[in-house]
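Let's take a friendly walk through a protein fold, one piece at a time. Have the sequence and the 3D view open as you read.

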Amino acid sequence: MTQQNDSQVPGIFDEILQMLKSVEGNIKNQTCTATAQRPPCPPGYNQYLHHCFKLFETRITFMEAAAACARARVPGGGTLAMPQDRGTNGFLVSLINAKDRYSSGDYWFGLHDRNEEGKWEWMDGKALNSGISMWGMDQPNDIRGGEDCASYGWKNLWYDTGCSRKNRFICQVLSSGLLLPSPEGSVLS
Ligand SMILES: [Ca+2]
């Protein structure tokens, strides 16, 4: 009997040891998961698919707005928003409507024909696919040859506008755990 009990003791210890290891493993896994689950967007940004978008109410020129978006504290910075598909465009319009239901927009987004008149391109250099464009009636019309930047205008359709005009603007950044911590609590003010 005594011999049998003695031989069971290491067995019980082994079992307890295995249980502890298993618990330790679970705790480690949970810690890793918690660390990886950062918010998908910086403060004040709203996620749509792979990007986060934010409306800024400061009125500045197109190039000033582009520079402001680039200063977002995320890898690679941000850009003016690029609604390259109908879904994204609809999302941006919903953000504008939520902000100011009766506004006529006046938000810069990342589309321009500054390099070649009539050749509209996104901030990333991609050509505009005219099949998905959301121009307002008779737009773009390049009034007096001076409208090379795009903004949301009447009924939140797209209007070509003089780039030096001062408009509000919309930025985008990539969504994901790639975002850097933002200790001050905001990426742009
Ligand atoms: Ca133009």
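## Getting our bearings

Residue numbers start from 1 along each chain as its sequence is written. What you're looking at is a predicted model, where local features need pLDDT of at least 70 and side-chain atom pairs count only at pLDDT 80 or more, while totals for chains, interfaces and linings use all residues.

By that count, the protein has 3 helices and 8 strands. Going along the sequence, they come in the order α-β-β-α-β-α-β-β-β-β-β.

## How packed is it?

Let's call a residue buried if 20 or more other C-beta atoms lie within 10 Å of its own, exposed if 12 or fewer, and partly exposed in between, with C-beta atoms placed from the backbone. Of the 189 residues in the protein, 30% are buried.

Two residues are in contact if their C-beta atoms, placed from the backbone, lie within 7 Å. Take the contacts between residues at least 6 apart in sequence: 67% of them join residues at least 24 apart.

## The strands and their partners

Two strands pair if DSSP finds at least two bridges between them. Which strands does E4 (107-112) pair with? E4 runs antiparallel to E6 (149-152), with 3 bridges between them. E4 is also joined to E8 (167-174), this time in parallel and by 2 bridges. Then there's E5 (121-122), antiparallel to E4 and linked to it by 2 bridges.

You can follow this residue by residue. Tryptophan 108 sits opposite serine 151 in E6, and its bridge partner in E8 is phenylalanine 169. Over in E5, glutamate 121 stands opposite histidine 112. Why is E4 described as largely enclosed by the rest of the structure? Because 6 of its 6 residues are buried.

Now look at strand E1 (residues 46-48), which is antiparallel to E2 and joined to it by 3 bridges. Glutamine 47 faces cysteine 52 of E2 across this pairing. The hairpin of E1 and E2 has 2 residues between the strands, and leucine 49 in that hairpin takes a positive phi near 50°.

E2 (51-60) also pairs with E8, in the antiparallel sense, over 7 bridges.

Helix H2 (residues 62-70) has four names to remember: its buried residues are Phe62, Ala65, Ala66 and Cys69. Seen down the axis of H2, these buried residues fall within an arc of 100° (taking the directions from the helix axis to the C-beta atoms), so they line one face of the helix. Here's the general idea: an α-helix has 3.6 residues a turn, so residues three or four places apart point the same way. The buried residues of H2 pack against E2, E3 (79-80), E4, E6 and E8.

A nonpolar core is a set of buried Ala, Val, Leu, Ile, Met, Phe, Trp, Tyr and Cys residues joined through C-beta atoms within 7 Å. The largest one here has 32 residues, and those with the most contacts inside it are Leu80, Ala81, Trp108, Phe109, Ile170 and Cys171. Two or more residues of this core come from each of E2, H2, E4, E6, E7 and E8. Beyond its neighbours within four places in sequence, alanine 81 is in contact with Phe53, Leu92, Phe109, Gly110, Ile170, Cys171 and Gln172.

## Loops worth a look

Aspartate 106 lies in the loop between helix H3 (86-99) and E4. This residue isn't a glycine, yet its phi is positive, at about 60°. Is aspartate 106 buried or exposed? It counts as buried because it has 20 C-beta neighbours inside 10 Å. Lysine 155, in the loop between E6 and E7 (158-161), also has a positive phi, near 60°. But lysine 155 counts as exposed, because it has 11 C-beta neighbours inside 10 Å.

The peptide bond from glutamine 139 to proline 140 is cis, with omega near -5°. Lysine 126 is in the loop between E5 and E6 too, and with 11 C-beta neighbours inside 10 Å it counts as exposed. Its C-alpha atom is separated by 9.5 Å from that of glutamine 84, 42 residues apart along the chain.
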